[in-house]
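Walk through the model below one site at a time.

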Amino acid sequence: NLAPLTGLGIRRATGLEALQRATLVVDGVFGTGLTRDVEGSFARALRAMDGARAPLVALDLPSGVDADTGQVRGIAPRAALTCTFAAMKPGLAQHPGRGLAGEVVVVALGVPGPRAGRRGIVEEVDVARWLPPRSGDAHKGRAGHLLVLGGVAETSGAARLSARGALRAGAGRVTLGRRGPAAPSALPELMSAATPTLDAAREALQRMQAGVLGPGFGLDEAGRALALALARDAELPLVLDADALTALADAGGLEALRGAAPRVLTPHPGEASRLLGVPTAEVQADRHGAARELARRSVQVVALKGAGTVVAGPEGDEHVVLRGTPALAVAGSGDVLAGVVGACLAQGLDPLEATSAAVWLHAAAGERAAEGADRGILAGEVADALPRVLAGLDAARDHAARR
């Protein structure tokens, strides 16, 4: 009872037999224009295709996968290979569509894709271009000075992980600012500064090229007030993560960042849901749309973390990073990422490029640290893998120069 297959000259009674005899199944039932759930005979056909023994090749994307969000509209078969035409589709970068697509190959059709630089997948060659090699006479004063604004002793580990990520990503100097009493640091390379008040934090930031605000900062009344004031008024680029995002969400303050100096927001889906005032499931159902809305409301750069991290800019730019591993789902991983973004900002990169490069570097470092495992690594190990990933950019630069 496979009505759609009868149009291909296959008799209704033998449709299932034909699928079971096939050595390859090509799925071209639906394309990018699907706007409703698959039901009835079409759903039965897709279910039968999914149950066939032969590998399945999807044209453009597996039928039933939403091209914009990656959500499954009722049912979708699992492909071994997806040949997507002209350009990558956002739905192939986000789960569950990403998990159903198998290997994805972009096939040129001779028609123009999205304008270069506005929307696309971050590749190693992009990161190599954004992070040029250092000159032979480089010194720490030229490599950027980053302030990581930490909190009280009980949560100081998060700030130290951010600082470690920043040093491993190439920041020339990193100072750890503390709201509370000094806590021992395992990194003798870190400098420290007392930043318990707004005036003290502002004074420290005057000597920096960028800052990281949020990891382990604290959500007590004084911490919230200080985080909000710095997020709005600090005059140099800041990464806003963790407690800074929570303080901002609780104050309903995305719009408060409009007109501020460059900010990079790095929310996970739960933080994004609080910032937007919608359920987390709604964020995950359309991750690209959520990232764009965060960037639109704040007029700042946003990295919506997760599998297929989306980096969105206030002018409509949208980058997605497909590197990464489930092993990055570990406490402290996001703190390291915040430090890597901060290091890229401190080294003078444009906020959108700094964020896209940092997300790619962090994801690639996670893969290298995990060595094929899907769990068991520590956030500090991700930071420590960064120099090896950075060293690999030289090969990408050489390849690009030969093209």
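A polar contact is a pair of N or O atoms within 3.5 Å; within protein, one atom must be able to donate a hydrogen and the other to accept it, and residues adjacent in sequence count only if both atoms are side-chain atoms. The model is predicted, so local features need pLDDT of at least 70 and side-chain atom pairs count only at pLDDT 80 or more, while totals for chains, interfaces and linings use all residues. Residues are numbered from 1 along each chain as its sequence is written, and side-chain values use heavy atoms, with hydrogens and water left out.

Start with Ser 333, which is in helix 13 (residues 333–346). Helices (H or I, at least four residues) and strands (E, at least two) are DSSP runs, numbered from the N terminus. The side chain of Ser 333 reaches the backbone oxygen of Leu 328 at 3.3 Å. Ser 333 is buried because its relative accessible area is 5%; buried means under 20%, exposed over 50%, and partly exposed in between (1.4 Å probe, protein chains only). Not counting residues up to four places away in sequence, Ser 333 touches Leu 328, His 362 and Ala 379, where contact means heavy atoms within 4.5 Å.

Asp 66 sits in the loop between strand 2 (56–59) and strand 3 (81–85). With a relative accessible area of 9%, Asp 66 is buried. Its side chain reaches the backbone nitrogen of Asp 68 at 2.8 Å, and a polar contact of 3.1 Å joins the side chains of Asp 66 and Arg 73. Neighbours within four places in sequence aside, the contacts of Asp 66 include Leu 34, Leu 61 and Gly 91.

Beyond residues up to four places away in sequence, Ser 192 touches Thr 175 and Leu 176.

Finally, the helix pair. Helix 7 (residues 198–205) and helix 8 (residues 221–233) pack at about 40 degrees, with their axes 10 Å apart. Axes are lines fitted to C-alpha atoms, for helices over the stretch in contact, and angles run from 0 to 180 degrees between N-to-C directions. That angle makes helix 7 oblique to helix 8, because angles under 35 degrees count as roughly parallel, over 145 as roughly antiparallel, 65 to 115 as roughly perpendicular and the rest as oblique. In the contact, Leu 198, Ala 201, Arg 202 and Leu 205 of helix 7 meet Leu 226, Ala 229, Leu 230 and Asp 233 of helix 8.
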